[in-house]
Amino acid sequence: MIDPIAISLGPLKIHWYGIIMGLAFFLGTYLARYNSKRSGIDPDHVLNMVVLIIPAAIVCARLYYVAFEWAQYKDNPLDIFAVWKGGLAIHGGLIGGVLAGSYYIRKHKLPFLRLADVFMPSVILGQAIGRWGNFINQEAHGDVASAEFMAKFPAFIRDQMFIGGQYYHPTFLYESLWNLLVFGILLFMLYRFKKFDGQVLFSYMILYSIGRFFIEGMRTDSLLIADTLRVAQLVSLSLIALGAILMLVFARKSKQSGHSHNSME
């Protein structure tokens, strides 16, 4: 089992979860700055937005999780602040990021959809990396798996997924790999196949949500409504439908205008 604490300096303890999330934010920011230059947007705007987006995303991701797991925190409210133990809901983080980003974009009169397209590859890359924080904390895993099935995985994954005397499906890995695939698709789309602003954003909404819907069905720690409905699956279905509708609407507008927009040219 991997120790969740990476470094101990007296009372100061640095957790792997925090290191992994920091790496995700750093690489995502670097990539967004690079993509903004290619899209004709001042990369300084990216840095300014990230300063707002990251804290908002973390706070909203935590509040979203706590709201659906209130029974776990009502008697120990100080645990709400222990984010290094895990418990950051991605959909809550997306809400916080969108709200903070929208505030900055509106204030500086920037093109929302074009900037969203710039950020989406960074977001999905960050999600792919962040899932390894769940791995370290032995969370976001699936149901019980057989030893024969787990023998297909590297020893370090197999050992970390051996919890309480049983193996569990490494759903964190399934989602991380799916997110990396989506990352490649979005990056290719942004560089070579973008026809209109919003195309990358809408593709993210559809593709990420498809993978999340199916993988969520395998997990044992899903946030629930009425003890039966998985919140992430309901949100995923909503995002798939909304992304598909917006994709069709904007694609039709682009086609009617007779103008193929490719910000990478």
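Glu-216 and Arg-212 both sit in helix H9 (residues 199–216), 4 residues apart, about one turn of the helix. Helices here (H or I, at least four residues) are DSSP runs, numbered from the N terminus. This is a predicted model, where local features need pLDDT of at least 70, side-chain atom pairs count only at pLDDT 80 or more, and totals for chains, interfaces and linings use all residues. Residues are numbered from 1 along each chain as its sequence is written, and side-chain values use heavy atoms, with hydrogens and water left out.

Reader: What makes Glu-216 and Arg-212 a salt bridge?
Author: The term asks for a side-chain nitrogen of Lys or Arg within 4 Å of a carboxyl oxygen of Asp or Glu. The closest N and O atoms of Glu-216 and Arg-212 are 2.8 Å apart, so the pair qualifies.

Reader: Which salt bridge does Glu-216 form with Arg-219, and at what N to O distance?
Author: Their side chains meet at 3.6 Å, N to O.

Reader: How many salt bridges does the structure hold?
Author: There are 9. One of them joins the side chains of Lys-194 and Asp-197 (2.9 Å, N to O), and both of these residues are buried.

Reader: Where is Leu-234 found?
Author: In helix H10 (residues 231–257).

Notes
Helices (H or I, at least four residues) and strands (E, at least two) are DSSP runs, numbered from the N terminus. Buried means under 20% relative accessible area, exposed over 50%, partly exposed in between (1.4 Å probe, protein chains only).
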